Every structure is written in C-alpha cells, then in structure tokens.
Amino acid sequence: MFSCCTATSKLTASFARLSLRQPHSSFSTTSAILKAKLPQEKIRYVPEVTELKLSAYKQESRRTGVIARKKGMTAMWDEWGARVPVTVLQLEKVQVISLIKTSHPSYARMQIGCGERKEKNVTKPLLGHYKAQGVEPKAKLFEFPITPDAALPVGTEITAAHFVPGQLVDVTAPSLGKGFQGVMKRWGFGGGRASHGTSLAHRTPGSTGNINPGRVYPGKKMPGRMGGKNVTVIRLPVMKIDTALNCIWVKGSVPGYDDQFIKVRDSIKLAKRSLFPEGANVPFPTYIPGQSPSLPRETVAKVGGRDPLVPATD
Amino acid sequence: MLSRWGTAFKQINAFSKAHGPQSALLSLRQLQTTRAQHQDQSYIVLQPQFDKPMTKPEEKRPNVMKIIAREALARADTDNRSKLFVRRAAPRDRMCAGDVVFVETKNSTSDSGTTSFTGVCIAIYRRGVDTSFILRNVVQKVGVEMRYMAYSPLVKRIEILQKGVGFRRAKLFYLRDNPGKTFQLKALKKMAQSAASTAKQG
C-alpha cells in the first residue's frame with residue numbers, strides 16, 4: 001500500500017503521524033512491516049582527543065598529511081657533492097580544523113586547513129563551520145585519512161618539523177593546464193609521416209576504429225583539454241626542513257604552478273622501502289614544540305649509500 | 001678544522017653587521033651545541049646555521065625564495081668566488097667570456113685527489129647558487145668543454161689566469177667552428193702548469 005522501498009527519516013515520521021491518527025488495530029500489521037524495513041540508525045565514530053600528547057609511532061599508524069604552498073625550485077648539494085634539484089614547499093598556518101565522523105572506528109579522517117582568508121570573502125556556511133571549531137578562516141581545506149591514534153585536537157598547528165629529513169612523501173596537486181591539445185601531445189600518438197606525399201595528416205590521430213562495430217568507443221583518445229587535473233608524484237624524499245621559514249625541501253619537481261596549494265602526505269606505496277630513515281625520531285602524531293626534542297633551524301637529509309663519484313670495485 | 005671555523009666566523013661577522021652583535025653570539029653558541037648534539041643523528045646540520053632568516057630591513061613581507069637564495073649563497077661562498085660573477089664589478093675583477101680560467105675540482109668527498117682543467121670561458125650562466133660556466137680547451141687535438149657549477153662543494157678553486165681581450169659577446173659558441181688562435185696549445189699549457197704547481201704548494 002505504501003511504497004516504502006526508500007524509507008527516509010521524513011517518510012518514517014509521516015508514517016508515525018498517520019498511524020497515531022488511525023485506530024491502532026487496523027495498522028498494526030503494516031507498522032510491523034514498516035519497522036522491519038526501517039534502515040539501521042547511522043552510527044558515526046570520531047576519535048576522542050582531549051590533549052596534545054606525543055605517542056609511539058607504529059608501522060601500522062598513519063599520520064596526517066599537510067597542505068603546503070609551492071614556492072619555487074632551487075638546487076642543493078648532498079653529502080656526496082651531487083647536485084639535487086629541490087622544490088620548496090612552505091607551510092602557512094596549517095591547522096587541524098575538524099575531526100570527521102566515519103562509519104568505522106578503525107579509521108579516522110581529519111580536516112586540515114591552510115593559509116588565511118578574510119571573513120568577508122568566506123561564505124556564511126563555511127564561516128559558521130570555522131566559528132564552531134574555533135579557528136580563523138582558512139584559504140584551503142583538505143581531508144586526510146588517518147589511524148585513530150594519530151588524531152590531533154582541533155586547532156593544533158602543524159609545522160615543517162612534522163616531517164623528518166630523509167623521509168618519503170607523496171605530493172598531490174593539479175597539474176599545469178595545457179589547454180586544448182592535439183592527440184600527439186595529449187596521448188603520445190605517433191602522428192603521420194612528415195614527407196613522402198602525406199597530405200594534411202602529419203599530426204592527426206588516424207583511424208578511430210574498425211568496420212565492426214562501426215562506431216567509435218566512448219573514451220576513445222582524442223584531442224581535448226589537457227592538464228589541470230590532480231596528479232600525485234610518489235616517493236619524493238624530503239631533503240631539508242627549515243623550521244624558521246616553515247619550509248620543506250622536496251627532491252625533484254612537483255605538479256602545478258608556484259603558490260599553488262599542494263597536499264603532502266607520508267608515502268603509501270613503499271614496496272619494501274622504508275618510509276623514515278634509520279634511527280629517525282618520528283614526531284607522532286605531530287611535532288609538538290614543548291614535548292618533542294628541539295631541532296636546529298635547518299636539518300638536511302643524509303642520503304647515505306655508496307659514494308656515487310667513486311667507481312664501484314665489484 | 002680551524003679554517004672551517006674561520007670561514008664560519010667570517011660569515012657570522014658579516015651577518016652580525018646586518019643583524020646586530022647579539023644574534024652573532026647566539027649563532028656561535030648554536031654552532032658549538034649543534035656540533036656536539038647532532039653528529040650521530042639521522043640528519044645533517046649544515047654549518048654555519050643562520051638562526052634568523054636573512055631578511056633585509058626594508059622587506060616587510062619577505063619572499064621565501066629570496067631568503068633561501070641569499071642564505072644558500074652565503075653558505076656556499078666560502079672563498080669569495082661570488083665576486084667573479086658579480087655583473088657590476090670591473091672587468092678585471094669578474095669572470096668574463098673569453099678569459100682563460102683554471103678550475104681545480106675534488107674527485108669526490110671521500111677521495112682526496114683533485115682534477116684540474118684550464119680553458120677559455122665561453123659562457124657564464126648567472127643563476128644564484130646554480131651559477132655555472134663553460135670552459136673550452138683543445139686537449140690532444142680534441143676539443144673539450146667542461147661545465148662547472150660555481151658553488152658546488154667539489155669545485156675547490158677557480159682562478160682567472162689571463163683576461164680575454166677583444167671578445168665582444170657574452171656567449172662565445174662561435175669558437176667551436178672558428179677558434180682562430182684562441183686555443184693555441186703552448187700558452188694554455190704553460191699557464192695550466194703554473195697554476196697546477198701553485199695548487200700543489202697551496
């Protein structure tokens with residue numbers, strides 16, 4: 001009689017009102033059926049964090065990531081005298097904004113904010129969110145999945161010392177937009193011949209299919225807008241940490257333009273590599289200025305291994 | 001050991017002129033403590049440490065990359081080789097395209113051996129810490145070009161042996177096809193030998 005395949009809270013409330021109006025006996029069987037088909041109550045979990053305290057880092061733990069701004073690239077020389085190109089990523093007022101409710105207690109999520117934004121430029125819903133959490137409006141918000149033991153209280157500032165020199169990080173950011181690009185640049189197609197009679201087909205895709213099915217498959221690689229999509233570069237070593245400028249220097253290049261917001265997290269795909277260097281003091285859940293051991297302003301990674309400029313004897 | 005402290009003192013003095021004597025003393029103390037504390041750590045602490053970022057007093061919102069460039073140059077410029085690459089210096093003080101230059105490089109950080117090369121500078125790329133230059137010479141009838149990163153820790157010494165005369169370009173790539181008398185072996189060989197002998201003495 002009643003279509004209750006999608007029993008939302010509003011529908012159940014209306015049903016409840018209806019059943020109260022009618023005599024109880026005539027609706028007893030249908031209300032039982034309705035109760036049996038009601039969805040379970042949503043149970044949501046949030047890790048309880050009251051104080052900011054250092055704890056032991058375990059292999060299974062996952063710390064929060066960070067939002068940084070790409071400032072540019074320079075070079076440095078490692079302990080063996082080899083030149084290392086580096087990207088400078090600066091942390092600007094990175095704070096924990098909120099702990100997000102998840103559907104299972106074994107995993108948690110944290111919302112991290114970075115930078116600052118004027119109140120007049122923030123929408124009312126977001127402004128309410130910031131005020132409820134007791135933080136200043138931020139320029140960028142991102143979520144990071146964590147293990148519950150890595151949860152931090154709302155408002156905790158995460159600094160560059162959160163990372164350890166020599167550790168591996170994954171860096172995510174939208175790549176530089178390339179605009180509408182042809183098939184050779186966008187998909188790496190070979191194009192046609194440059195000469196020997198080729199007419200008007202030097203950079204074309206060529207054939208787009210077979211006689212059967214006689215149509216072009218959806219998703220066929222064709223010209224279109226290239227770039228501007230999220231790209232993750234994995235396993236970049238952190239070469240240097242600067243606590244005064246709140247910067248981390250990361251080896252290699254990072255997607256996107258300067259001053260862009262970059263998501264930086266501890267590497268996930270390690271494949272028998274070690275995330276942190278041997279003997280490193282991992283700040284878990286993050287670097288806490290009063291409790292963690294004090295660091296000099298600049299700490300540089302020890303590359304280790306063999307001297308690359310000395311030929312191998314074996 | 002002493003020389004390393006000496007250069008550190010020089011930089012601290014230069015730094016203190018800009019930032020006041022107090023910070024120089026603090027950084028010196030930092031030097032002493034950090035050397036003791038962090039020798040066996042999993043990271044390296046560079047010497048000298050700049051406790052405060054090197055900002056100019058007129059910079060109200062200093063650019064991070066500028067500060068990094070300044071500090072990197074101050075740290076890498078141990079023997080004042082940056083004077084060779086200053087654009088506004090007199091031609092006799094700076095390196096120009098066309099000069100005969102002698103470079104001595106360490107073979108590696110673990111090996112004490114050095115390699116020297118003399119050649120005519122045909123290009124200079126001024127990029128702050130990434131500054132580099134190309135030297136060209138004809139060695140055993142084979143043209144050889146070597147590109148050196150000026151502030152690399154492996155580059156031990158850069159010396160101008162003879163100033164170039166009559167070169168009117170910044171990049172002398174035309175010398176690859178039209179060398180003229182530029183790479184006459186005898187003169188370069190003599191200069192290289194004298195420079196190498198002074199290196200051994202020094």
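This is a predicted model: local features need pLDDT of at least 70, side-chain atom pairs count only at pLDDT 80 or more; totals for chains, interfaces and linings use all residues.

Residues are numbered from 1 along each chain as its sequence is written, chains are lettered from A and ligands numbered from 1 in the order in which they are written, and side-chain values use heavy atoms, with hydrogens and water left out.

Most peptide bonds are trans, and most residues other than glycine have a negative phi.

**Cis peptide bonds**

Select A:Phe284 and A:Pro285. The bond joining A:Phe284 to A:Pro285 is cis, with omega about 0 degrees. A:Pro285 sits in the chain A loop between β11 (261-266) and β12 (298-301). Strands (E, at least two residues) and helices (H or I, at least four) are DSSP runs, numbered from the N terminus.

Go to chain B. Select B:Gln47 and B:Pro48. A cis peptide bond runs from B:Gln47 to B:Pro48, and omega is near -5 degrees. Look for B:Pro48 in the loop between β1 (43-44) and α3 (64-76) of chain B.

**Positive phi**

Return to chain A and pick A:Lys272. Its loop lies between β11 and β12. A:Lys272 is not a glycine, yet phi is positive, about 75 degrees. Is A:Lys272 buried or exposed? A:Lys272 counts as exposed because its relative accessibility is 90%. Exposed means over 50% relative accessible area, buried under 20%, and partly exposed in between (1.4 Å probe, protein chains only).

Last stop: B:Gln140. Find B:Gln140 in the chain B loop between β4 (132-139) and β5 (142-149). Phi of B:Gln140 is positive, near 55 degrees. B:Gln140 has 75% relative accessibility, so it counts as exposed.
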